[in-house]
Every structure is written in C-alpha cells, then in structure tokens.
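Hello,

Here is the structure I promised to pass on to you. Please have a look at it first, and then read my notes below.

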Amino acid sequence: MKIGLVGYPGSGKSTVFGALTGIPVETGYGADKEHVGSVKVPDPRVDRLAELYSPKKKIYAEITFTDLRGGHSGELDRQALNAMRQVDALCQVLRAFPDPTGEPGDPLGELAGLETETLLADLEVVEQRVERLRKDRSNPGELALLERVETALGEEKPVRSLELSDEERRMLAGYSLLTAKPLLLVLNVAEDAVAEGAPAELAAEAERRGLGLVVLSAAVEMDIAQMDPDDQREFVEALGLAEPAVHRFIRGAFELIDLISMLTAGPDECRAWPIPRGTPAPRAAGKIHSDIERGFIRAEVVPWQELVERGSEAKCKEAGVLRVEGKDYVIADGDVVHFRFNV
Ligand code: GDP
C-alpha cells in the first residue's frame, strides 16, 4: 500500500514529505526527484499497552508515502498524472501560504484544477476502452459499466463518488482510474495560521465531495519533526495544538486505504499490525507468521480499552470481557489478540 503526495509545484509536497518521514529532502522549485519513505502511524493504544507491559519493543504500523514529482511548468503534466496511477491513495497538498513572490495561495483553485485534470485523464482512458468494446462486442457487461463511468466523468463526477458494487470495482481496478482513488486534502498554511483551522469555503467544498481535510503548516511540522520529544510536546502545546498535525494526517491517510490495526501485547513487544478491514482471524494471524495461520485453533480477543482499564488478561478473563473466537471471527480495529495454534 503506497500513498502518493500530489499537488501543484510549490504547494509544499516535498516539505510535507520531509516532515512525515524525517528524511531531509531538497525543497523549492528546482527539486524534481521522486522520494519514497515509510512512516510510523502514531498510535496512543500501543503506548498505553506499553505502559502496562513495559515491553522490550514497541512497534507501530507503518505506511509508505511517496512524493510524486513532475509538473515543472506550474501545471500537472503527463509524468505527474502517470505517477499517480501507481499509488493506492492520494493526498493532495494545497498551498495556502504566500509563495516567494508574495502571491497568496489558491487552495480552492488547486482542488478544482487537479479534479479537472484527473477527470480528463480518466475520460481519455475510458473513451478509448469504450470504443474498443463497442467494436469487438466481447464484453457487454464491462461496456455497460464503462459507458456509465464515461457519462459520470463527462458530468464531472469522480469515479469515487459513484455507487459501485464490489464486482464493478474489481472490473475497474485494472484501469487505475485517478478519480477512483481515495483522496485526502492537506491544507498547507502559513506558520502563523496553524491554529485557525480551514477556511469555511474550502471546508464546505471538501465536505460536498466527501473528502477528509487536514490543516497543517509543513514548515512548522518540519521543525517539530527535528525536535526531541520533550521540546516537541512543549512547542506543540504553545501552538494551541494537542499533537503535531502530521500525526492526524498520518492517521487520516491510514484510514484512507481502509486499514485497521490489530494489536498484540506482551513483555516482548507491544505492536500494531495493519490489516485490511474485514480480515478474518486466521488470515490476520498469517500476518504474524504463516505457521499461526496454518495451525490456527482459536483467537483470544479483548478490546484494548478493557485490557488497559483492567490491567491484565487474567482480570479480563475474570470479568468475562476476554472472548474466545473461531476461524470465522472478523478482527475489529483495536482488538488485542492472542492466537492459539498447533503445527
Ligand atoms: P513542492 O514543489 O510541492 O514539492 O514544494 P516544496 O516542498 O519544494 O516547497 C516549495 C517552497 O515552499 C519551498 O521554498 C518551501 O520551503 C516553501 N514552503 C513549504 N511549506 C511551507 C509552509 O508551510 N510555509 C512557508 N512559509 N513556506 C513553505
């Protein structure tokens, strides 16, 4: 699962990438290299479990971000659009701070701009395919679906806004349509505007499209990322925030690709395991080790809050909140799981 940072040149993609990953990257208008980095998903549940067990290791879920380049001319070019096809979800960075010439940002314009370009790129792909299918009549089901998509795109409706069955989604997956990809908006504001929140008009536009919106100042977050944890806390509080804004952003991105966290806890390690929503227990066990999936007997499951509140698995058992689940159980977000297996 890879998440692409997209946006117009100068919107702050590289700076956001640097703040997310701690990888120092060249920023500014000349910088034109694609970067990939993995990012730990901040998770207070893992921290609370670690307070309980004092484990040797504390391991967070990780997701991969890539800073997609391309688009030198102040516009998104082919290269940029093609790079977007390779990722599972998109985060669009919108510039809301003045550029070096003092020109204010136009986040609404950038949002509409990327939407138009991705709609057109998808339309091109779909039209070509529709033409082919009309000629060879090989797949009427797919043709009907693509005609529906073509009409929607023509009416400026992104594919992600359409009601599609799982089967239809599968049929479309091979086309890597850009407007089908989940999208999160990141408003990159000036340093002194971080506590203000999003402008009402932009918030309304995001809501109308059903998109998440995170406000941050990439420059500030870059500084925060380089501080030690105590200074970080003080600085973030002084800004009037509860935590670094990139933390909210990373969690938003994690939800965007429809992942949840299964938790494991013990004296060796407390750990979050990213799994797709809807994963049955044996397959989730397979993430830890293929032997556990193969020899799966049962899963002992307790919601993390119960475990933290009651203080031990034994106490959860006594209180009847530790459940024994079989192979059909679907893991829920925040389940602390202990697998029993036999190989
Ligand atoms: P990209 O082209 O989208 O990758 O944008 P960059 O990350 O290279 O940033 C473009 C310019 O904007 C650089 O000079 C950054 O230092 C600057 N910049 C990025 N984020 C912020 C911010 O939050 N505030 C201010 N004042 N400048 C920023």
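To start with, which residues in α1 meet which residues in α8? On the α1 side they are Thr 15, Val 16, Gly 18 and Ala 19, and on the α8 side Ala 218, Ala 219, Glu 221, Met 222 and Ala 225. Sorted by class, this contact has 6 nonpolar, 2 polar and 1 charged residues. Please keep in mind that this is a predicted model.

You can find helix α1 at residues 13–21 and helix α8 at residues 218–225. Their axes come within 8 Å and cross at roughly 25°. Angles under 35 degrees count as roughly parallel, so α1 and α8 are roughly parallel to each other. Their crossing is left-handed.

Next, have a look at the strands. Strand β10 covers residues 296–303 and runs antiparallel to strand β12, residues 335–341, with 7 bridges joining the two. Within this pair, Glu 300 stands opposite His 338 of β12. β10 also pairs with strand β11 (residues 323–325), again in the antiparallel sense, over 3 bridges.

Finally, the overall layout. The domain assignment divides the protein chain into domain 1 (2–42 + 61–104 + 181–256), domain 2 (113–180) and domain 3 (278–341). Between the C-alpha centres of domain 2 and domain 3 there are 40 Å.

I hope you enjoy exploring it!

Best wishes

Conventions: Residues are numbered from 1 along each chain as its sequence is written. This is a predicted model: local features need pLDDT of at least 70, side-chain atom pairs count only at pLDDT 80 or more; totals for chains, interfaces and linings use all residues. Side-chain values use heavy atoms; hydrogens and water are left out. Two strands pair if DSSP finds at least two bridges between them. Helices (H or I, at least four residues) and strands (E, at least two) are DSSP runs, numbered from the N terminus. Axes are lines fitted to C-alpha atoms, for helices over the stretch in contact, and angles run from 0 to 180 degrees between N-to-C directions. Angles under 35 degrees count as roughly parallel, over 145 as roughly antiparallel, 65 to 115 as roughly perpendicular and the rest as oblique. A crossing is left-handed if the near helix is turned anticlockwise from the far one by less than a right angle, and right-handed if clockwise. Contact means heavy atoms within 4.5 Å. Ala, Val, Leu, Ile, Met, Phe, Trp, Tyr, Cys and Pro count as nonpolar, Asp, Glu, Lys and Arg as charged, and the others, Gly among them, as polar. Domain bounds come from an automatic or database domain assignment.
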